[in-house]
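The entries below follow the order in which I went through them.

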Amino acid sequence: MVNLEKEIKRRRTFGIISHPDAGKTTLTEKLLLFGGAIQEAGAVKSNKIKKTATSDFMEIERQRGISVATSVLAFLYKGKKINILDTPGHKDFAEDTFRTLSAVDSVIVVIDVAKGVEEQTEKLVEVCRMRQIPMIIFINKLDREGKDAFDLLDEVEQKLGLRVIPLSFPIGMGYDFKGIYNIYEKNINLFSGDNKKNIEETIAFDDLNNAELEEIIGSSAAETLRENLELVEGVYGDFDLQDYLDGKLQPVFFGSALNNFGVRELLDCFVNIAPAPHSKMAEERLVHASEKELSGFVFKIHANMDPKHRDRLAFVKIVSGTFERNKPYLHVRHNKRLKFSSPNAFFAQKKEIVDMSYPGDIVGLHDTGNFKIGDTLTEGEQLHYRGIPSFSPEHFRYINNADPLKAKQLYKGIDQLMDEGVAQLFTLNLNGRKVIGTVGALQYEVIQYRLEHEYGAKCTYENFAAHKACWVDSRESDADELAEFERVKHRYLATDKQGQLVFLADSAFSLQMTIDKYPSVKLHYSSEFA
Ligand code: G4P
């Protein structure tokens, strides 16, 4: 189908990742401005959970409500359909971000020039690196004093384990910031220094030895730039597109999102080099985007914040084929056909009903509890997409029912919240008690609040001392050793929602002892290890 291939080729679905405050929201907004999706700066509501809100879960929920609209921001640029999948920066919602990364075809990493590589960046980039997701790096806030460009490139390589290649290079920095030499396009962008205004002048400049350089940026800056670019060429070599696409080489751009500087260059290069949707590995086989039959998977479920409309929105990434309104699709886990009369597409900051979506697109499906994160939709084939594992939570608490008359509501509520991926549920093998594991402490408040307001159930928590949840892999275990492990560690064994066996280690020390004592029983920090 010619049309399908054409549509696939023009799609770019990506995520922007960064440590909070590096400038992700600002960059997103500037990209949308270029795409004409918004008309003025300040129009994108920040989806970040503000630090001050940590104890105010109403505020968190309100902010998460806003994020439905900004979950997928789509716009057209130079004939390409760009889908930005938003990722929450707050570390308590890191799992949301990991899951969203299963639905992107590439990412842009934003780094603050003064702060360099920060903790959240390290964690997120590691996930992208392991999955070989192509990454472009944007070093932001060049209008401020920051680290030396070469030092920063070294830091990125060392801390993030990447191999970088600068495709632009700053001329000065902070007070002395004059502009950027765009290595990719061979031109100079002059920074007017007029804060907050989008004034820039681009001068084509492919011969750096031309004496005009002195006239444009001054003699000392010209000399430094020549030296720097010589060093860039000597140290980093040439850009290799295939290496970038294979996740082995990461191009770097410099700029200032706030001043809209260096952003167009980033976007122009991005639409040129970033991959269109290509293929995805299912448990059964490799599925190509250009296959005629639809397949897609749920990577995010968002509860409706309006109590009058309890339905949820399941976000489905289309992997192959076309998604058509009112056509019956197979919900593989339930082995049931479902039809969707009002699938939502996302455009700019709006969502609207759409008749047809293509690979790379995200459709939002209204759901009354059928979907769970990781579910696959197909036209009949049994396909299961992987890459949405659960990771070991950091916090663990028993959950108790505080209103005996509402037990049913409580369990339904817990069940659905877990399907949304708010937290993880473990049932202790010893006594059937339920333990909730979360990435951040914040989620306990969110769960309690939502159980009460959405399901009319009340819960209390009780401390449960656990250090890590480890998924038990006994495929190659020695039978006697496994039996002893299960007998000795009975108190610490639990079952997750998928029925997998989990070892809840009470301390780092006991975990290490267990690993040493039962070497054939493999313990994993993530639920997907096959
Ligand atoms: P985030 O989504 O990654 O968390 O970061 P966000 O875009 O919200 O940016 C964090 C702060 O950094 C904001 O300032 C923003 O204005 C500022 N910023 C972003 N890009 C640049 C840049 O290129 N140069 C400079 N100097 N600052 C930049 P804030 O004071 O926290 O918020 P606001 O009051 O300005 O919105």
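I began with Arg475, which is exposed at a relative accessible area of 55%. I use buried for under 20% relative accessible area, exposed for over 50% and partly exposed for what lies in between, with a 1.4 Å probe and protein chains only. The model is predicted, so I note that local features need pLDDT of at least 70, side-chain atom pairs count only at pLDDT 80 or more, and totals for chains, interfaces and linings use all residues. Residues are numbered from 1 along each chain as its sequence is written, and side-chain values use heavy atoms, with hydrogens and water left out.

**Salt bridges**

I looked up the partner of Arg475 and found Asp473, joined to Arg475 by a salt bridge at 2.9 Å, N to O. A salt bridge here is a side-chain nitrogen of Lys or Arg within 4 Å of a carboxyl oxygen of Asp or Glu. Asp473 is buried, with a relative accessible area of 7%.

How many salt bridges does a search of the whole structure find? I noted 32. One of them joins Asp367 and Arg312 at 3.3 Å, N to O. Asp367 sits in strand β22 (residues 362-367) and Arg312 in strand β15 (residues 312-320), so this pair links distant parts of the chain, 55 residues apart. Helices (H or I, at least four residues) and strands (E, at least two) are DSSP runs, numbered from the N terminus. I found both Asp367 and Arg312 buried.

I then looked up Asp355 and Arg325, whose side chains meet in a salt bridge at 2.7 Å, N to O. Asp355 lies in the loop between β20 (350-353) and β21 (356-357) and Arg325 in the loop between β16 and β17, so the pair ties together parts 30 residues apart in sequence. Asp355 counts as exposed at 51% relative accessibility, and Arg325 as partly exposed at 33%.

I also noted a network of salt bridges that links Glu7, Arg10, Arg11, Lys81 and Asp361.

**Two asparagines**

Most residues other than glycine have a negative phi. I looked up Asn326, which is not a glycine and has a positive phi of about 65°. Asn326 is in the loop between β16 (323-324) and β17 (329-331), and is partly exposed at a relative accessible area of 41%.

Asn335 also is not a glycine and has a positive phi, of about 50°. I placed Asn335 in the loop between β17 and β18 (336-338), and its relative accessible area of 55% makes it exposed.

**Asp148**

Where is Asp148 found? I located Asp148 in the loop between β5 (135-140) and α6 (149-160). Asp148 is partly exposed, with a relative accessible area of 41%. Its side chain reaches the backbone nitrogen of Asp151 at 3.1 Å. The C-alpha atoms of Asp148 and Met173 are separated by 8.5 Å, and the two residues are 25 apart along the chain.

**Helix α10**

Is helix α10 mostly covered or mostly open? I found α10 (residues 263-273) mostly covered, with nine of its 11 residues buried. Among the buried ones are Val263, Glu265, Asp268, Phe270 and Ile273.

Conventions: A polar contact is a pair of N or O atoms within 3.5 Å; within protein, one must be able to donate a hydrogen and the other to accept it, and residues adjacent in sequence count only if both atoms are side-chain atoms.
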